[in-house]
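Here is a short report on how a chain packs. Look over the sequence and the model before reading on.

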Amino acid sequence: FFRCFCWLLHTFMVKELEYLQSSIRDFGKKLEELRLSRHAVVNRDSSETREKAQLLIQEVQVTAKDIAFRLNILHEGKDKERLSNEFRRQEARMAQSIRLLNTAMQKP
């Protein structure tokens with residue numbers, strides 16, 4: 001029974017690690033969409049473009065919270081440290097992108 005439990009726990013941790021790696025990669029792609037959205041707001045400046053940008057901001061923020069939560073419950077180790085560092089860099093990019101996008105949307 002104990003071996004089975006350890007195997008299940010190990011399998012869960014491997015799957016969680018794979019999921020986190022995939023999520024962080026996808027998060028990077030969303031950040032690129034956020035950057036492009038800022039350019040769309042500046043160039044097109046329509047209410048539809050602004051609405052899409054707001055939805056994208058919300059989606060990126062929810063994704064960031066999910067990744068942060070999952071990183072917190074992940075077992076300590078070099079994989080967690082590597083993923084945490086990568087995610088922190090992306091979080092900084094997210095904050096900057098959101099600031100720039102909000103500034104672009106406030107301009108008349």
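Predicted model: local features only at pLDDT ≥ 70, side-chain atom pairs only at ≥ 80, totals over all residues.

Residues are numbered from 1 along each chain as its sequence is written, and side-chain values use heavy atoms, with hydrogens and water left out.

**Helix packing**

Two packed helices are described by the angle between their axes and the distance between the axes. Helices here are DSSP runs (H or I, at least four residues), numbered from the N terminus. Axes are lines fitted to C-alpha atoms over the stretch in contact, with angles from 0 to 180 degrees between N-to-C directions.

| Helix pair | Axis angle | Axis distance |
|---|---|---|
| α1 and α2 | about 160° | 9 Å |
| α1 and α3 | roughly 15° | within 10 Å |

The angle of about 160° between α1 and α2 makes α1 roughly antiparallel to α2 (over 145 degrees). Their contact holds 15 nonpolar, four polar and eight charged residues. α1 and α3 cross at roughly 15°, so α1 is roughly parallel to α3 (under 35 degrees). The contact of α1 with α3 has 16 nonpolar, five polar and seven charged residues. Nonpolar here means Ala, Val, Leu, Ile, Met, Phe, Trp, Tyr, Cys and Pro; Asp, Glu, Lys and Arg are charged, and the others, Gly among them, are polar.

**The core**

A nonpolar core is a set of buried Ala, Val, Leu, Ile, Met, Phe, Trp, Tyr and Cys residues joined through side-chain atoms within 4.5 Å. Buried means under 20% relative accessible area, with a 1.4 Å probe and protein chains only. The largest such core has 22 residues; Phe 27, Leu 34, Ile 67, Phe 87, Met 94 and Leu 101 touch the most other members. α1 (2-44), α2 and α3 (78-106) each supply at least two of its residues.

Take Phe 87. Beyond its neighbours within four places in sequence, Phe 87 is in contact with Ile 24, Phe 27, Ala 64, Ile 67, Ala 68 and Leu 71. Contact means heavy atoms within 4.5 Å.

Asp 66 lies in α2 (residues 47-73). Asp 66 is partly exposed, at 28% relative accessible area (between 20% and 50%). Leu 20 is 46 residues from Asp 66 in sequence, yet their C-alpha atoms are 9.7 Å apart.

Arg 50 is also in α2. Setting aside residues up to four places away in sequence, Arg 50 touches Val 41, Asp 45, Ala 104, Met 105, Gln 106 and Lys 107. The C-alpha atoms of Arg 50 and Lys 107 are 11 Å apart, across 57 residues of chain.

Definitions and conventions:
Parallel < 35°, antiparallel > 145°, perpendicular 65-115°, else oblique.
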